[in-house]
Amino acid sequence: MSSMLRTASRLLLGSAMVGAGVLHLTTQRAEFQAQVPDWFPLDDDLVVVGSGVVEIGLGAAFVALPRRRRLVGALLAAFFVVIFPGNVAQYVEGTDAFGLDTDRARLVRLFFQPVLVVWALFGGGWLGRRRGGDGA
């Protein structure tokens with residue numbers, strides 16, 4: 001894979017994460033609160049605000065700190081793994097949010113989470129062949 005594809009992938013995912021984080025803190029806050037599992041021991045709003053801040057920080061770092069892309073990519077992949085139980089809970093509990101108003105739609109979403117993990121690892125330079133000197 002070319003370093004240009006890796007860079008474009010990193011910039012796109014980083015920008016999307018900043019956008020998602022901003023939505024956590026503004027217009028989509030209630031939608032994100034609906035996705036916090038009932039069993040999670042923290043206040044829904046605290047979880048949404050905290051995860052929004054983390055998404056903004058990781059996304060901005062993925063865009064602005066290319067020399068730290070491996071670290072940030074790994075942290076971003078770990079973040080996607082950590083929030084996956086919330087996606088499972090949305091499916092199991094039948095929670096409607098973000099237009100995911102059927103069991104099928106919620107189930108399909110579960111298969112997208114591993115794609116995000118791979119995307120973060122690829123953008124961070126963890127996947128694909130390394131070529132001499134490009135640091136990818």
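This report describes the pocket, the nonpolar core and several individual residues of a predicted model.

## Largest pocket

The largest pocket holds about 870 Å³ of space. Its lining consists of 31 residues, and those closest to the centre of the pocket are His24, Glu55, Ile83, Asn87 and Arg109. The largest contribution comes from α4, with 8 residues.

By residue class, the lining of the largest pocket contains 22 nonpolar, 7 polar and 2 charged residues.

## Nonpolar core

The largest nonpolar core has 13 residues. Within this core, the members that touch the most others are Leu13, Met17, Leu76, Phe80 and Ala120. Two or more core residues come from each of α1, α3, α4 and α5. Helix α4 gives the most to the core, with 5 residues. In soluble globular proteins, nonpolar side chains tend to be buried together.

Met17 is one of the core members with the most partners in the core. When neighbours within four places in sequence are left aside, Met17 is in contact with Glu55, Ile56, Gly59, Leu76, Phe79 and Phe80. Of these contacts, Leu76 and Phe80 are also listed among the core members that touch the most others, and Glu55 is among the residues closest to the centre of the largest pocket.

Val72 is placed in helix α4. Its relative accessible area is 6%, under the 20% limit, so Val72 is buried. Not counting residues up to four places away in sequence, Val72 touches Leu58, Ala61 and Phe62. Val72 and Ala120 are separated by 48 residues in sequence, yet their C-alpha atoms are 8.4 Å apart in space. Ala120 is itself one of the core members with the most contacts inside the core.

Leu75 is also found in helix α4. With a relative accessibility of 43%, Leu75 counts as partly exposed, whereas Val72 is buried. From Leu75 to Gly57 the C-alpha to C-alpha distance is 11 Å, and the two residues are 18 apart in sequence.

## Loop between α4 and α5

Two residues of the loop between α4 and α5 are described here, Thr95 and Phe98. Thr95 has a relative accessibility of 16% and counts as buried. Beyond residues up to four places away in sequence, Thr95 touches Ala34, Gln90, Leu100 and Arg106.

Phe98 has a positive phi of about 55°, although Phe98 is not a glycine. The relative accessible area of Phe98 is 34%, which makes this residue partly exposed.

## Aromatic pairs

The structure contains 3 aromatic pairs. One of them can be described through Trp39 and Phe40, whose ring centres are 6.0 Å apart and whose planes meet at 65°. Planes over 60 degrees apart count as edge-to-face, so the pair of Trp39 and Phe40 is edge-to-face. A pair of aromatic rings is described by the distance of the centres and the angle of the planes.

The accessibility of each partner has also been computed. Trp39 is exposed, with a relative accessible area of 52%. Phe40, at 33% relative accessibility, is partly exposed.

Terms used. Residues numbered from 1 in each chain as written. Predicted model: local features only at pLDDT ≥ 70, side-chain atom pairs only at ≥ 80, totals over all residues. Heavy atoms only, no water. 1 Å grid on protein atoms, 1.4 Å probe; cavity = no way out; pocket = protein on both sides within 12 Å on 5 of 7 lines; lining within 4 Å. Points joined across faces, edges and corners; volume = space filled by probe spheres on them. Helix = DSSP H or I, 4+ residues; strand = E, 2+ residues; numbered from the N terminus. Nonpolar A, V, L, I, M, F, W, Y, C, P; charged D, E, K, R; others polar. Core = buried A, V, L, I, M, F, W, Y, C linked by side-chain atoms within 4.5 Å. Buried < 20%, exposed > 50% of the residue type's maximum accessible area, 1.4 Å probe, protein only. Contact = heavy atoms within 4.5 Å. Phe/Tyr/Trp six-rings, centres within 6.5 Å; stacked < 30°, edge-to-face > 60°.
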